[in-house]
Structures are given as structure tokens and as C-alpha cells.
Amino acid sequence: MSEDPDIDDLERRMGGAIEALKREFTGLRTGRASTSLLEPLIVEAYGSEMPINQVATLGAPEPRMLTVQVWDKGNVKAVERAIRESALGLNPASDGQLVRVPIPELSEERRTELAKIAHRYAEQARVAVRNVRRDGMDKLKRMEKAGDLSHDEQHLWAEEVQEMTDRFVKEIDNAVAVKESEIMQV
């Protein structure tokens with residue numbers, strides 16, 4: 001084949017859509033304790049705003065309990081306030097420098113709502129993968145028109161791009177199915 005239409009770049013960009021989806025999934029609360037639930041929180045400490053993991057150690061000792069081991073006793077109240085004022089609906093309780101955060105059970109209605117949100121995230125990832133596919137196909141057509149690829153070569157590359165797209169869409173479908181079963185698990 002004359003010139004490689006940079007399939008590796010397309011694969012990297014499609015992989016980026018999957019990584020973004022997985023990051024968004026970590027923020028969906030499933031009713032089981034996960035330290036990723038608290039990681040985005042910002043705590044007012046030492047006169048500035050800091051990520052919670054820069055003032056404390058996060059842990060998940062039980063399926064329905066998170067712990068936050070605050071390093072400086074003076075920051076315990078600020079950590080509690082950050083958790084309480086977040087939109088997570090959690091009620092922390094401090095025990096010295098250890099803040100315990102019980103994770104409440106999710107209602108069936110809330111589980112269904114979270115599953116819908118997971119599907120919305122997955123659809124955004126599919127759209128991103130399809131946009132990368134469209135860019136790749138457009139580039140192949142331009143290369144054929146410019147004479148860099150023959151019609152047969154363009155057709156072979158297009159098939160490869162489509163197979164890659166199908167593979168990534170299937171990976172997204174699998175990820176959302178796993179997340180949905182995790183959310184709906186009581």
C-alpha cells in the first residue's frame with residue numbers, strides 16, 4: 001500500500017473515548033463503597049482549596065463504609081464539611097482524625113436513574129468513536145482523490161477502520177452492561 005492513513009492515531013482516539021467513559025463510570029455511585037466516590041472532592045485547608053487526597057488517606061474497609069484518615073487534626077472539620085456539602089448525599093462522622101462515611105442503600109428508583117445515566121455516558125462514547133471513524137473515512141477518501149491510495153487500497157483501509165469501530169463499540173456495550181449490572185445489584 002502506498003501510504004499509511006495513520007490507523008494508530010484513529011485507534012488511540014477511539015481508546016480515549018473508552019477511557020473517558022470509564023472515568024465517568026467511576027463517578028456513578030452504585031451503593032458499594034469506592035474511594036473514587038470521594039476523590040473529586042475539594043477541601044478548604046491551609047488557606048487554599050486542595051483535593052481531598054492531598055490532606056487525607058481514603059479507604060474502603062467495608063462494602064458500605066468509606067474512611068478518610070485526615071493527616072492534620074486541624075483539617076478534620078474541613079474534610080467533614082466538604083463531604084457533607086458535596087452533592088453525594090453522604091453524612092460523615094468523625095472519630096478523632098478518622099472520618100467514617102457510611103454509604104446508604106440505593107432505592108430502586110435511584111438505581112434505574114443511575115442506569116439511564118450510564119447508558120447516556122455510553123452513547124456519548126459511541127458518538128465519539130463514530131466521529132473518529134468518520135474522520136478516518138474522510139481522510140481515506142481525500143487520499144484516494146489525491147492519488148495517494150488506489151480505490152482497492154482505500155476500500156481495504158475503510159474495512160479496517162470499520163472493524164476497529166465495531167470492536168470499540170462492542171467494548172463500550174460490554175462496559176455499560178457491567179456497570180448496569182453493578183448498579184442494579186442489591
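This is a predicted model: local features need pLDDT of at least 70, side-chain atom pairs count only at pLDDT 80 or more; totals for chains, interfaces and linings use all residues.
Trainee: Is Y46 buried or exposed?

Mentor: Y46 sits in the loop between β1 (42-45) and β2 (48-51), and has a positive phi near 55° although it isn't a glycine. Its relative accessibility is 56%, which is over the 50% cut-off, so Y46 counts as exposed.

Trainee: In what order do the elements run from the N terminus?

Mentor: Helices (H or I, at least four residues) and strands (E, at least two) are DSSP runs, numbered from the N terminus. The chain has 4 helices and 6 strands. Reading from the N terminus, you get α-β-β-β-β-α-β-β-α-α.

Trainee: What radius of gyration does the chain have?

Mentor: The C-alpha atoms fill a box of roughly 70 × 40 × 20 Å along the principal axes. The radius of gyration is taken over C-alpha atoms, and the globule rule is 2.2 Å times the number of residues to the power 0.38. A compact globule of 186 residues would come out near 16 Å, but this chain has 23 Å.

Trainee: Which residues have the most contacts inside the largest nonpolar core?

Mentor: A nonpolar core is a set of buried Ala, Val, Leu, Ile, Met, Phe, Trp, Tyr and Cys residues joined through side-chain atoms within 4.5 Å. The largest one here has 30 residues, and those with the most contacts inside it are L21, F25, L28, V129, L140 and I172.

Trainee: Which helices each supply at least two residues of this core?

Mentor: Take F25, one of the residues with the most contacts inside the core. Beyond four places in sequence, F25 touches A118, Y121, A175, V176 and K179 (contact means heavy atoms within 4.5 Å). The helices that each give the core at least two residues are α1 (7-26), α3 (108-146) and α4 (151-184).

Trainee: What is the relative accessible area of I172?

Mentor: I172 lies in helix α4. Leaving aside neighbours within four places, I172 is in contact with I18, L21, A122, A125, R126 and V129. I172 counts as buried because its relative accessible area is 0%.

Trainee: How far apart are the C-alpha atoms of M143 and S36?

Mentor: M143 is in helix α3, and M143 is buried, with a relative accessible area of 5%. M143 and S36 are 107 residues apart along the chain, and their C-alpha atoms are separated by 44 Å.

Trainee: Which elements do the buried residues of α2 pack against?

Mentor: Helix α2 spans residues 76-85, and its buried residues are V76, A78, V79, E80, A82 and I83. They pack against β1, β4 (65-70), β5 (93-95) and β6 (98-102).

Trainee: What share of contacts between residues at least 6 apart in sequence join residues at least 24 apart?

Mentor: For background, buried residues make up 40% of the 186 residues in the chain. Among contacts between residues at least 6 apart in sequence, the share joining residues at least 24 apart is 66%.

Conventions
Residues are numbered from 1 along each chain as its sequence is written. Side-chain values use heavy atoms; hydrogens and water are left out. Buried means under 20% relative accessible area, exposed over 50%, partly exposed in between (1.4 Å probe, protein chains only).
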